[in-house]
Amino acid sequence: METVELKVDMVGIHEKRLRKCLSKLKGIEKVEVDANSQKVIVTGYTHRNKILKAIRRGGLKADFWSAQNELLSAYASASYGSLRFNNFNFF
């Protein structure tokens, strides 16, 4: 069994579309969606590249979760104003 963490751009009703894309794959046991941090955790017996490919075929922007995504979500939850310095965006 493998657990795959993904960063998926979640806007509006994309969670329903995401679950529909993943329901077509065999071996998926559980899907957890955190829309606030745009994090999706998929648990099952399917290869991680197949999961990513299925989500992208559904028209959603997705990538594997990384430490950089963890930092971005922490900054975004704190305040958006802290990411700007002299009108330049750092992220």
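**Exercise 1.** Find out how strands S2 and S3 are paired, and in which sense.

*Solution.* 
Step 1. Locate the strands: S2 covers residues 28-34 and S3 covers residues 39-44. Helices (H or I, at least four residues) and strands (E, at least two) are DSSP runs, numbered from the N terminus.
Step 2. Look at the pairing: S2 and S3 are antiparallel partners, with 6 bridges. Two strands count as paired if DSSP finds at least two bridges between them.
Step 3. Look at the turn of the hairpin: 4 residues lie between S2 and S3. In the loop between these strands you find Gln38, which has a positive phi of about 55° although it is not a glycine. Gln38 is partly exposed, because its relative accessible area is 23%. The cut-offs are these: buried means under 20% relative accessible area, exposed over 50%, and partly exposed in between (1.4 Å probe, protein chains only).

A word on the model: it is predicted, so local features need pLDDT of at least 70 and side-chain atom pairs count only at pLDDT 80 or more, while totals for chains, interfaces and linings use all residues. Residues are numbered from 1 along each chain as its sequence is written, and side-chain values use heavy atoms, with hydrogens and water left out.

**Exercise 2.** Work out which strands pair with S1, and over how many bridges.

*Solution.* 
Step 1. Start with S3: S1 and S3 run antiparallel and are joined by 6 bridges. Glu2 stands opposite Gly44 of S3.
Step 2. Move on to S4, residues 62-64: S1 pairs with S4 over 3 bridges, again in the antiparallel sense. Here Leu6 faces Phe64 of S4.
Step 3. Stay with Phe64 for a moment: Arg48 lies over the face of Phe64, 4.0 Å from the ring centre. A charge sits over a ring if NZ of Lys or CZ of Arg is within 6 Å of the ring centre and within 35 degrees of the ring normal.

**Exercise 3.** Describe the largest nonpolar core and say which elements supply it.

*Solution.* 
Step 1. Count the members: the largest nonpolar core has 13 residues, and Leu6, Val8, Leu18, Leu22, Val42, Ile51 and Ile55 touch the most other members. Such a core is a set of buried Ala, Val, Leu, Ile, Met, Phe, Trp, Tyr and Cys residues joined through side-chain atoms within 4.5 Å.
Step 2. Name the suppliers: S1 (2-8), H1 (14-23), S3 and H2 (48-57) each give at least two residues to this core.
Step 3. Check one member: leaving out residues up to four places away in sequence, Ile51 touches Val4, Leu6, Leu22, Leu25, Ile28, Val42 and Thr46. Contact means heavy atoms within 4.5 Å.

**Exercise 4.** Is Leu6 buried or exposed, and how far is Leu6 from Val40 in space?

*Solution.* 
Step 1. Leu6 lies in S1 and counts as buried because its relative accessible area is 0%.
Step 2. Leu6 and Val40 are 34 residues apart in sequence, and their C-alpha atoms are 5.1 Å apart.
Step 3. Beyond four places in sequence, the contacts of Leu6 include Val40, Val42, Ile51 and Phe64.
Step 4. Turn to Val40, which lies in S3. Val40 is buried too, because its relative accessibility is 0%. Its contacts beyond four places include Val4, Leu6, Leu18 and Val31.

**Exercise 5.** Is Arg19 buried or partly exposed, and which residues does Arg19 touch?

*Solution.* 
Step 1. Arg19 is placed in H1 and counts as partly exposed because its relative accessibility is 37%.
Step 2. Not counting residues up to four places away, Arg19 touches Val31 and Val33.
Step 3. Arg19 and Val31 are 12 residues apart along the chain, with 7.7 Å between their C-alpha atoms.

**Exercise 6.** Sum up the whole chain: how many helices and strands are there, and in what order?

*Solution.* 
Step 1. The protein chain has 3 helices and 6 strands.
Step 2. From the N terminus, the order is β-α-β-β-α-β-α-β-β.
Step 3. Of its 91 residues, 26% count as buried.
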